[in-house]
Amino acid sequence: MSKLLVQEKEIVVPGQDLAEGMDYLPGEDVIRDKDKLVSTKLGIVGLSGRLVRIVPLNGPYVPKRGDLVIGKIVGVGIGGWRVNIGWPFEANLSVKDATSDFIEKGSDLSKYFNYGDYIIVEIVNVASSKIIDLSMKGPGLRKLGSGRLITIPATKVPRVIGKQGSMISLVKDYTGCKISVGQNGIIWLKGDEPKKELLAIKAINKIENESHISGLTDRMKEFLEREKNGL
Amino acid sequence: MVYEKRLDGRKFDELRPVEANVGVVKRAAGSAMFKIGKTIAIAAVYGPRELYPQVFQNPTNGVLRCNYNMMAFSGSGDRVRPGPSRRSKEISLVMEKALLPVVDLSGYAGTVVDVFVELVQTDAGTRCAGICAAAMALADAGIPMKDLVSSVAVGRVGGKIVLDLSKEEEDYEGHATDIATAFSTRMGQVTLLQMDGEVSREELKKALELAKSGCEKIKEIQVKALKAKYVGDLNE
Amino acid sequence: MSNIIREHLLELFSKDFRLDGRKFDQYRDIKVEYGISSRSAEGSARVKIGNTEVNVELLPLSNPEFESGPPGIEAVELSRVVDRAIREGKALNFKKLCITPKEQMWIVLIDIYPVNDAGNLFDAAALAALAALKDAKFPKIEDGKISYRESTGQKLPLEKLPLSCTVYKIGNYFLVDPVSEEELIVDARLTVGVLEDGTLCSLQKGGDFGLNPEEVDQMVDVAVKKTKELRKVL
């Protein structure tokens, strides 16, 4: 007899029982211990059908294949670049994955991306914690121009983006800013006025701090409406 | 002299007053404070980060590294000499072993998760308080764990098995038995067990039972502190 | 690599077999030699458990804080665990180490030298330390000067003999006195200090995994039984 022991959006701790019985399946940050599903993190319960997962309230960013991330060039080599994506180990961007343009062998790669440049890329392979491969071949992937960079916990990124991008679109619409959100918690934004950029940052921080409190979408609409009028 | 009433009036299975807070060191990935009686421990977690020197890296698992330190002014009399002593190195080791059974670092191969435990005030039960704080700090940092480890000292004072010895009890008549324990109450497992003093096998059994129930009470407080960081906002 | 070794060893264990054919609660051959060091008239001993060999010398210097170089954490734990059993087992009556009240007293320093580690250093070191203590005699004092070369023949006041036995858990098996290959795959260990009357005087749990209270009790049971046997060896 399967039984759910918690509710959606309930805050749980590591070691807390979430469900009994084999009907429920362990999702992200949930493990099975005999016939019980157990949380391995401090976070919020999320249910989709029979899948029980945890949205952690905090945690390091762990690189996953398919993630779009914002990284910083920290090494320029012969066949490619080394990129810091907020993980203890640097990721690789090889020349062939960076561009379809023909780059002559032996040419100075710093002409394309140099130390300190920020890029938005896709993680195409995680062979081990030390071998992470990136690619810039894809829509929207590019070197980032001047703009502002902020960092939020990677665990808050889904909330900042919202369902099908609805939350971040809200912020973009009200502030007129261009915003790119990396799954690793690094966010790049650029507006036509510093005040608008500041508002966007305030909005993102608000989402980050209140992510676990329901009614966020309405609150954000109110907040942005209020602040926009004050601009 | 038979120990009929505890020196501070507590029941034999009663803890000293406990306080716990999470997120006290903002710069750390995770942190917590645990206070029991007058003993105060603060734990801060940093990482996962790259482990130097590389030769100590584990290719399949992250490494957990604990560092126990008593602050210079934490004692009740003389200044504590700064720097690692043999005692603090041993405590760092047993603390790490107390937490390792529940921590899952398989996704962090080659890295280290550092846990720094500082004793701000010491009044018996310091390594236990340190472990309680460290467990909360690891949860706060989002390090995956199968359970929260709870830790408390039990002992035999004046012939009686007691929970959470005070400093006076540790020194009682020169021959109290002090048993430091830690439990993963969910798994029913002892992860720390050290004893100074004498005890019979039967007494040890009773002491462990008492320790387990003491740890269960402490766990409730740890859980509350972790949730309080977020639940508080919901009530506003 | 250790996974393949572990699988293989567990298979052996399931067939009631250890690497060298011993039973799970069987120690290797134990040899104890007293007075191995000619230069220190104080006390010394050598213990061999199988191929594991530990030498212990006692140096009753009158200067504390002697530590040669920073030891690694294994050395720190080993020495503290050996110390714990002796200190908490009240092996020495410290009052009897007084030379002149409030002025001079003997300090006993036990130096443990593992000569070869073929597994189970904890027990070999503890046994050797106790053997050295048994062998120790006070140096002579003449006119207030200590003459380390000559001994009085008067033995150290050993009141109790706390013996240590470390029980190791591998999978569902408990065993004592592992060889190095067995030690590599140990899940948890419990070092128990036991007095002659079966009273426990020290405990130290090691290893990366936990133990449930029943396992602790079982391991203590093994330790109490084995220390009775070890006592005959001293």
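Modeller: Two residues are in contact if their C-beta atoms, placed from the backbone, lie within 7 Å. By that rule, the contact of chain A with chain B takes 23 residues from chain A and 28 residues from chain B.

Biologist: Before that, what kind of model is this, and how are things numbered?

Modeller: This is a predicted model, where local features need pLDDT of at least 70 and side-chain atom pairs count only at pLDDT 80 or more, while totals for chains, interfaces and linings use all residues. Residues are numbered from 1 along each chain as its sequence is written, and chains are lettered from A and ligands numbered from 1 in the order in which they are written.

Biologist: Back to the A and B contact. What classes of residue are on the side of chain A that touches chain B?

Modeller: That side of chain A has 12 nonpolar, eight polar and three charged residues. Nonpolar covers Ala, Val, Leu, Ile, Met, Phe, Trp, Tyr, Cys and Pro, charged covers Asp, Glu, Lys and Arg, and the others, Gly among them, are polar.

Biologist: Which pair of chains has the most contacts?

Modeller: Chains B and C, among the two pairs that touch. No contact joins chain A and chain C, and their closest C-alpha atoms are 15 Å apart.

Biologist: How many residues of chain B and of chain C are in contact?

Modeller: 27 residues of chain B are in contact with 26 residues of chain C. Helix 1, strand 9 (189–199) and helix 4 (201–234) of chain B each supply at least two residues of the chain B side. Helices (H or I, at least four residues) and strands (E, at least two) are DSSP runs, numbered from the N terminus. Strand 9 of chain B gives the largest share of the chain B side, 11 residues. By class, the side of chain B that touches chain C divides into 11 nonpolar, seven polar and nine charged residues.

Biologist: At what angle do helix 1 of chain B and helix 2 of chain C pack?

Modeller: Helix 1 (residues 86–99) of chain B packs against helix 2 of chain C at an angle of about 100°, with the axes 9 Å apart. Axes are lines fitted to C-alpha atoms, for helices over the stretch in contact, and angles run from 0 to 180 degrees between N-to-C directions. That makes helix 1 of chain B roughly perpendicular to helix 2 of chain C. Angles under 35 degrees count as roughly parallel, over 145 as roughly antiparallel, 65 to 115 as roughly perpendicular and the rest as oblique.

Biologist: Which residues make the contact between those two helices?

Modeller: R86(B), K89(B), E90(B) and L93(B) from helix 1 of chain B, and I73(C), V76(C), E77(C) and R80(C) from helix 2 of chain C. They divide into three nonpolar, no polar and five charged.

Biologist: And inside chain C, how do helix 2 and helix 3 of chain C pack?

Modeller: Helix 2 (residues 73–88) of chain C and helix 3 (residues 121–135) of chain C pack at about 50°, with their axes 10 Å apart. That makes helix 2 of chain C oblique to helix 3 of chain C. Helix 2 of chain C contributes L78(C), V81(C), V82(C), A85(C) and I86(C) to the contact, and helix 3 of chain C contributes L121(C), F122(C), A125(C), A126(C) and A129(C). By class, this contact has 10 nonpolar, no polar and no charged residues.

Biologist: New topic. How many helices and strands are in chain A?

Modeller: Chain A has five helices and 17 strands, and chain C has five helices and 12 strands. Buried residues make up 36% of the 231 residues in chain A and 38% of the 234 residues in chain C. A residue is buried if 20 or more other C-beta atoms lie within 10 Å of its own, exposed if 12 or fewer, and partly exposed in between, with C-beta atoms placed from the backbone.

Biologist: What does the domain assignment of chain A give?

Modeller: It gives domain 1 (3–56), domain 2 (68–143) and domain 3 (148–230); such bounds come from an automatic or database domain assignment. The centres of domain 1 of chain A and domain 3 of chain A, taken over C-alpha atoms, are 29 Å apart.
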